[in-house]
Amino acid sequence: MTKTLVKAPFKADHVGSFLRTEPIKAARKAFANGEIDKADLKDVEDKEIAKLVQKQIEVGLKSITDGEFRRSWWHLDFLAGLQGVEFFESQYVSAFKGAKTRNNAIKVVGKVDFDHHYMIQHFQFLKEAVEEYGDGSQVAKFSIPSPNMLFTRIQGDEYYNGNKEEFYNDTVAAYRKAIQAFYDAGCRYLQLDDTSWIDFVSEERITAVVEKEGKNVQDVIKTRVACINDVIADKPDDLLITMHICRGNFKSTYITSGGYDHISDAIFAELNVDGLFLEYDDQRSGDFEPLKSFNRPDLTVVLGLITSKLPELENVDTIKARINEASQSIPLENLALSPQCGFASTEEGNILTEEDQWNKIKHVINIAKSVWGSL
């Protein structure tokens with residue numbers, strides 16, 4: 001039987017998370033206060049996700065997500081669902097500019113593995129909703145944190161005791177199981193979100209990661225690349241895997257600034273993903289010079305030129321000019337457009353309204369149609 005390949009990333013795409021609706025916020029608060037049980041919370045989530053799916057289809061998106069409505073954090077919820085990983089309250093001090101996050105963190109307390117992860121059910125609900133409300137041209141897209149996020153975000157290791165090789169091997173094996181499990185559940189568009197690459201966007205962060213890892217920066221970069229490539233080495237041919245890279249997204253703030261110069265060869269030539277979602281909504285992301293490292297005709301680069309942090313709509317001519325500039329290094333057919341990140345990487349969300357959010361999505365779609373003719 002011939003496998004049908006998903007034609008994505010789409011020319012107008014998005015990273016995945018959406019602002020939590022008022023019913024979601026109220027239900028999560030009630031659950032936290034012990035006023036409703038988990039089944040009641042799930043019922044509200046199911047209804048709101050179904051509405052979200054319909055809204056995405058209505059505005060014209062082809063990649064449909066659950067908005068991460070069931071999550072508190074874009075990454076910690078998934079990672080803490082792995083065997084051997086646990087949530088805990090830390091003394092972590094927020095690294096965001098002008099905003100403080102909650103002090104949730106993760107630690108490794110046993111052998112890292114993947115088995116019966118609850119997010120498989122989350123995907124299955126999404127897929128069924130897309131099939132129910134769509135016309136067959138949409139695809140259910142699911143996002144999980146990159147395995148690099150486990151290595152770089154744990155704040156305690158009570159199991160491996162510094163044995164990085166064993167930790168690495170177990171994590172890669174767990175992620176291979178995860179990818180196969182999502183595929184078996186019907187997933188054909190999976191995104192790995194990876195903010196660990198911000199370790200290489202400024203000299204300050206490079207110095208810090210070199211000191212922490214005890215090896216030179218190129219060796220650290222090679223390890224990050226190898227981790228992704230090892231994880232997806234045996235993925236099914238008809239499973240599309242993309243990666244999203246940004247510099248932090250919490251209440252419309254960020255963690256750091258700097259371009260892709262130090263990692264351009266790694267991400268454009270060495271990573272074996274099918275697509276890259278790159279933050280490019282302001283000067284914090286640097287210029288397009290790193291795009292010259294592009295040398296893979298099978299890779300789609302999604303330019304995050306539309307900000308999810310602010311409500312104002314970008315000037316259409318300016319965005320088109322930037323796409324044209326990028327096309328001097330990457331063929332236009334290999335480019336696409338999206339917001340630079342999701343609208344709610346955590347349940348708090350960015351500082352804009354739901355109306356602003358949908359205006360941004362429509363803006364992406366309209367510009368993409370104008371540039372490429374179709375999605």
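This is a predicted model: local features need pLDDT of at least 70, side-chain atom pairs count only at pLDDT 80 or more; totals for chains, interfaces and linings use all residues.
Which residue in β6 does Val108 stand opposite? The residue is Asp157, and the two face each other where strand β3 (residues 104-113) and β6 run parallel, joined by 2 bridges.

**The open sheet with β3 and β6**

- An open sheet is formed by 3 strands in the order β2-β3-β6, and its pairing is mixed.
- The edge strands of this sheet are β2 (83-89) and β6, each of which pairs on one side only, while the twist averages 30° from one strand to the next.
- Helix α6 lies across β3 and β6, and it runs at about 90° to β3.

- Strand β7 (residues 189-193) has 5 of its 5 residues buried, so the strand is largely enclosed by the rest of the structure.
- In a regular strand the side chains alternate between the two faces of the sheet. In β7, Tyr189, Gln191 and Asp193 point one way, Leu190 and Leu192 point the other way, and all are buried.
- With strand β5 (residues 142-145), β7 pairs in the parallel sense over 4 bridges, and in this pairing Ile144 stands opposite Leu192.
- With strand β8 (residues 240-245), β7 also pairs in the parallel sense, here over 5 bridges, and the bridge partner of Tyr189 in β8 is Leu240.

- In soluble globular proteins, nonpolar side chains tend to be buried together.
- The largest nonpolar core here has 100 residues, of which Phe78, Phe182, Trp197 and Ile267 touch the most other members; α6 gives the most to this core, with 9 residues.
- Leaving aside its neighbours within four places in sequence, Ile267 is in contact with Trp197, Ile245, Tyr260, Leu276, Leu278 and Leu299.

**Ser17 and its surroundings**

- Ser17 lies in the segment before α1 and, at 4% relative accessibility, counts as buried.
- A polar atom of the Ser17 side chain lies 3.0 Å from the backbone nitrogen of Ala344.
- Apart from its neighbours within four places in sequence, Ser17 is in contact with Gly67, Glu68, Gly342, Phe343, Ala344 and Ser345.

**Backbone geometry to check in the model**

- Most residues other than glycine have a negative phi, and most peptide bonds are trans.
- Glu68, although not a glycine, has a positive phi of about 60°; Glu68 is found in the loop between β1 (63-64) and α3 (76-80), and at 5% relative accessibility it counts as buried.
- Asn161 is likewise not a glycine and has a positive phi of about 50°; Asn161 lies in the loop between β6 (154-157) and α6 (164-184), and at 66% relative accessibility it counts as exposed.
- A cis peptide bond, with omega about 0°, joins Ala8 and Pro9, and the place of Pro9 is in the segment before α1 (22-32).

Key: Residues are numbered from 1 along each chain as its sequence is written. Side-chain values use heavy atoms; hydrogens and water are left out. Buried means under 20% relative accessible area, exposed over 50%, partly exposed in between (1.4 Å probe, protein chains only). Two strands pair if DSSP finds at least two bridges between them. A polar contact is a pair of N or O atoms within 3.5 Å; within protein, one must be able to donate a hydrogen and the other to accept it, and residues adjacent in sequence count only if both atoms are side-chain atoms. Contact means heavy atoms within 4.5 Å. A nonpolar core is a set of buried Ala, Val, Leu, Ile, Met, Phe, Trp, Tyr and Cys residues joined through side-chain atoms within 4.5 Å. Axes are lines fitted to C-alpha atoms, for helices over the stretch in contact, and angles run from 0 to 180 degrees between N-to-C directions.
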